[in-house]
Amino acid sequence: MSVAHDTVNKIIADILTKQKIERVWFVGCGGSLTGFWPGKYFLDCEANHLAVGYMTSNEFVHATPGAVGKNSVVILASQQGNTAETVEAARVAQQKGAATIGLVYTPDTPLCKYSDYTINYQWARYPEKVDPAQQKAAYSLWLAVEILKQTEGYACYDAMISAFSQFAGVVSHAQQQVKEDALRFAEQWKDEKVIYMMGSGPSYGAAHQESICILLEMQWIHSASIHSGEYFHGPFEITEPGTPYILLQSAGRTRPLDERAIRFIERYQGKLQCIDVEKLDIAALPASVKEYFCGLLHNCVLDVYNLALATARNHPLTTRRYMWKVEY
């Protein structure tokens, strides 16, 4: 077993010695919530009986779902382990009798106090190298797969484990492959005042994360995340020549939604940057499970584009106006 596989296998097995698992909630703020999308999407698609929830931490605190209780697992994440809303959400979940799993980059932090189980994930900003199968979003998928396997069973479990073992190679090659395009993109897009993010299925979480955590938070560029399936139900009215869209094209069952949006944007001359995982070696992963790695791969590849854009704009990704600087 890999480190990640061994970790989640033992955690879920131990929980099941104490309770059933009938409900799973993914809870976090900002990128820690959107990082849970791969796990949520997987369970939405594959689980027959498990109920799945996905909530921002403060809403979980103030509007705690009534079903949270003895046979629930609440999975939470906080990079520094001190996000006040997430720490409080963990305390509430624990108080209601749920098993809590906390994902942190910094160990021995407040979230750990209210986590029955703690996972320390890897994190680094490109071009630093870490194991992408041990990053926060990857752990959400690991946990989801292990929960399903140990409760309902999962026919493609071995294929999933194989995909995780191959994922680092796919990511490394993809990041090298897009370096030149990222520089072109940065030069052509550095002066945009607004950029719309689009995606669907397994990659919608990555689109949402890029919008709120990178463009809005780190680059101060106006942005909104639009689901490819919702584009034709209002948002497409904003499209005119030059309207800027970054579309994360998946390799999964929702790919036709992305293709339809691409055709319309091109027809009406929107400015389109399409990042297609089918052109980034996603096919190297087992066909039965590659869909579930699309968002993870998009996140890793976007790291290359984000660094290039920040450099071209002379606006480092560490720049903040309010976060950690004023009371909020």
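The questions and answers below concern a predicted model.

Q: Why is Y322 called exposed?
A: Its relative accessible area is 53%. The cut-off for exposed is over 50%. Therefore Y322 counts as exposed. Y322 sits in the segment after α11 (294-312).

Q: What makes Y322, W324, V326 and Y328 a patch?
A: They form a nonpolar patch on the surface, with about 590 Å² of accessible area together. Membership takes over 30% relative accessible area, and nonpolar side chains are joined within 5 Å. Y322, at 53%, is over that 30% cut-off.

Q: How do you know that K136 has no salt bridge?
A: A salt bridge needs a side-chain nitrogen of Lys or Arg within 4 Å of a carboxyl oxygen of Asp or Glu. For K136, the nearest side chain of opposite charge is E217, 10 Å away. That is beyond the 4 Å cut-off, so K136 has no salt bridge.

Q: What is K136 in contact with, leaving aside its neighbours within four places in sequence?
A: The contacts are G31, S32, A77, Q79, L103, Y121 and Q122. K136 itself lies in helix α7 (residues 136-151).

Q: Which residues touch the most other members of the largest nonpolar core?
A: F42, I75, I101, L103, M160, F293 and L297 do, in a core of 79 residues. Helix α8 (residues 157-189) gives the most to this core, with 14 residues. Another core, of 17 residues, lies apart from it; V27, M55, V92 and L111 are among its members.

Q: What does I101 touch, not counting residues up to four places away in sequence?
A: Its partners include I11, I12, I15, V73, Y117 and L143.

Terms used: Residues numbered from 1 in each chain as written. Predicted model: local features only at pLDDT ≥ 70, side-chain atom pairs only at ≥ 80, totals over all residues. Heavy atoms only, no water. Helix = DSSP H or I, 4+ residues; strand = E, 2+ residues; numbered from the N terminus. Buried < 20%, exposed > 50% of the residue type's maximum accessible area, 1.4 Å probe, protein only. Lys, Arg positive; Asp, Glu negative; His and termini not counted. Contact = heavy atoms within 4.5 Å. Core = buried A, V, L, I, M, F, W, Y, C linked by side-chain atoms within 4.5 Å. Patch = residues over 30% accessible without salt bridge, like charges linked within 9 Å, V, L, I, M, F, W, Y side chains within 5 Å. Areas by Shrake-Rupley, 256 points an atom, 1.4 Å probe, with all protein chains shown as cover.
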